[in-house]
Structures are given as C-alpha cells and as structure tokens.
Amino acid sequence: MKRLLICLLFAAGCLAPRAQAGQTCEEKPVTVQDAVKALDLAERSFKLLDESGAQVALISRAGQDLSKYGLRFSHMAIVWRDHPEGRWTVVHELNDCGSANSALYNEGLGNFFLNDMYRYEAEIAIPGEAVQQRLAQQLASRTPVRLHQKRYNMLSYAFSTQYQNSNQWVLENYAAAASPQGQVETREEAQKWLRSARFRPITVEVNAATRLGARMFRANVAFDDHPFDRRMAGQIDTVTTSAIVRFMKDQDPATRVFLVPAL
C-alpha cells in the first residue's frame, strides 16, 4: 500500500491545484493528513476499478458541501483505462480559478482527489459494456473537445449551449455514447437527444437576492441561459452528478454504481 501511495504522490506532481470545479482556487498548502487521505481514496478507487473489469467509468468527488441542496457529490469526471498495463486516467472539465472560462484536463487519480476535498469519499458509476466501448472510442477522438464549451457556468441550464459546467460536459459525452451511432455529434444534438430520452435535471432553489449577489461577485455563475419564467421563480435546472447517475440507471439496467466511502 505504501509503495502505491508513493507512486500516486509522484504522479500528482504538484499539490497546489491548477483549477477547480466551481471553486475559487484559493492558495493554500495541502496538509500531509489531507494528502494521505486523498491518495488513500485514490488507491481504493483504483482497486475498485481494477476489480470491476471496467474499461471506462464516471467518477464523482465531494469538493464542496452541497448538503443544503440534498446533494452528496459536486464534481464528475470520466475515468478510463488508457494503458494496457492498467493505468487509469481521469478526463474532466475544470473551471479556471473562479473565472468564466474552463478547460479539459487529463490527470491521474491521485491528482483528482488532491483538490481541496470537502469529504474523502467517491462514487463510481460504470455503464454497460456497449456504452463503455463507445466512450473509450470517443476519448481517443476529437469528440470530447467538440462537446466542450469554454464559457463556464457553475449553474448552467441543462438544455442550453450558452455555457457549460463540468458535470454537463460529462453528461453530453455520455449522450454521445448512449445514443444511436451518429445521432449525437454536437452539443445541440446531445441536448436534443437528452430531452427525448427524458433526462431530468436537478432543480436548485436560488432566490433573487442570492442570484443578484452571485452574478455581481462571481464570474463563474450566471443565470441568463435559464428560461425566464423558471429563473424568476428561483427554479434553477442544472446538471448534477446525482441527476446523471439517475439517468444512467434509467437508460441502462446494466449500469453499476459503487460508493468508495470515507474511512
């Protein structure tokens, strides 16, 4: 175990996060205790993925306390075995330090959990074999880049291409893999298919004062992509990890979901 932890630590490279999903990238050192917890979670996730026999999965972490919204995990990524010797690579969209921009990153499991975690647990959702194969093909192509929108919005509307949050990018990649071959090539087509397949976003209640404050002081939050009537009612329909996992289960009975608990 110690040897693997050391390997993961070196794979992490730099303990200071480059970017975070919807957070401010506050400069603060990672403590030894937090680093050990993160790398231990990475090791247990690595082991679960290995034992599952999966090639591709969706993995979620708890980077923020979202319990007041009834949510447990804040950020989802795609993790895939891209090396014959068993290396697992995480691919995800991250917000550039509280700005209005995002980028796609490839990194190891160690780095994925060395990002100012709120709680050291993870959820792994493994699609059925057919979707896994399609996702693996996509990850080796330009599709993930084509489905990426640089303009980041932590609370982006689920059926608009104006902005995108990290979980929405994962969902639209899943849509491209789960839909009939050739039907989803663009974000517009992904959202059209998601509507037809009855994807249900999570509705977060955000009152007018909170919306105004967030829009004035946070570059990574916007509400102008949401339908006017829903926005005025404080009903914000966005993409969360729980909405994606629920949709995967509805779409594919072969979907398997595992919790990697905190110790």
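This dialogue walks through how to read several features of a predicted model.

Q: How do I read the packing of two helices, and at what angle do the axes of helix 6 and helix 10 cross?
A: One looks at how close the axes come, at the angle between them, and then at the residues that meet. The axes of helix 6 (residues 166-178) and helix 10 (residues 241-251) come within 10 Å and cross at roughly 15°. Because angles under 35 degrees count as roughly parallel, helix 6 is roughly parallel to helix 10. The crossing in which helix 6 passes helix 10 is left-handed.

Q: Which residues of helix 6 and helix 10 meet?
A: From helix 6 come Asn167, Leu171 and Tyr174, and from helix 10 come Thr241, Ile244, Phe247, Met248 and Gln251. Sorted by class, the contact of helix 6 with helix 10 has five nonpolar residues, three polar ones and no charged ones.

Q: What does the crossing of helix 4 and helix 6 look like?
A: The axes of helix 4 (residues 129-139) and helix 6 come within 8 Å and cross at roughly 115°, and this crossing is right-handed. On the side of helix 4 the residues are Val131, Arg134, Leu135 and Gln138, and they meet Asn173, Tyr174, Ala176, Ala177 and Ala178 in helix 6. By class, the contact of helix 4 with helix 6 divides into six nonpolar residues, two polar and one charged.

Q: How are aromatic pairs described, and how many does a search of the whole structure find?
A: A pair is described by the distance between ring centres and by the angle between the ring planes. The search of the whole structure finds six aromatic pairs. In one of them, Tyr157 and Phe159 are edge-to-face, at 6.0 Å centre to centre and with 80° between the planes; both Tyr157 and Phe159 are buried. Another edge-to-face pair joins Phe159 and Phe199, at 6.3 Å centre to centre and with 75° between the planes.

Q: Why does the pair of Phe159 and Phe199 tie together parts that are apart in sequence?
A: The answer lies in where each residue sits. Phe159 is in the loop between helix 5 (143-146) and helix 6, whereas Phe199 is in the loop between helix 7 (187-196) and strand 6 (202-205), so the pair ties together parts that are 40 residues apart in sequence. Phe159 and Phe199 are both buried. One aromatic cluster is formed by Tyr157, Phe159, Tyr174, Trp193, Phe199 and Phe247.

Q: Is Ser45 buried or exposed, judged by its relative accessibility?
A: The reading rests on a cut-off, since buried means under 20% relative accessible area. Ser45, which lies in helix 2 (residues 32-52), has 0% relative accessibility and therefore counts as buried. Leaving aside neighbours within four places in sequence, Ser45 is in contact with Ile59, Phe113, Ala122, Ile124 and Val260. Ser60, placed in strand 1 (residues 56-62), is also buried, with a relative accessible area of 1%. With neighbours within four places again left aside, the contacts of Ser60 include Phe73, His75, Met76 and Thr241.

Methods: Residues numbered from 1 in each chain as written. Predicted model: local features only at pLDDT ≥ 70, side-chain atom pairs only at ≥ 80, totals over all residues. Heavy atoms only, no water. Axes fitted to C-alpha atoms, helices over the stretch in contact; angles between N-to-C directions. Helix = DSSP H or I, 4+ residues; strand = E, 2+ residues; numbered from the N terminus. Parallel < 35°, antiparallel > 145°, perpendicular 65-115°, else oblique. Left-handed = near helix turned anticlockwise from the far one by under 90°. Contact = heavy atoms within 4.5 Å. Nonpolar A, V, L, I, M, F, W, Y, C, P; charged D, E, K, R; others polar. Phe/Tyr/Trp six-rings, centres within 6.5 Å; stacked < 30°, edge-to-face > 60°. Buried < 20%, exposed > 50% of the residue type's maximum accessible area, 1.4 Å probe, protein only.
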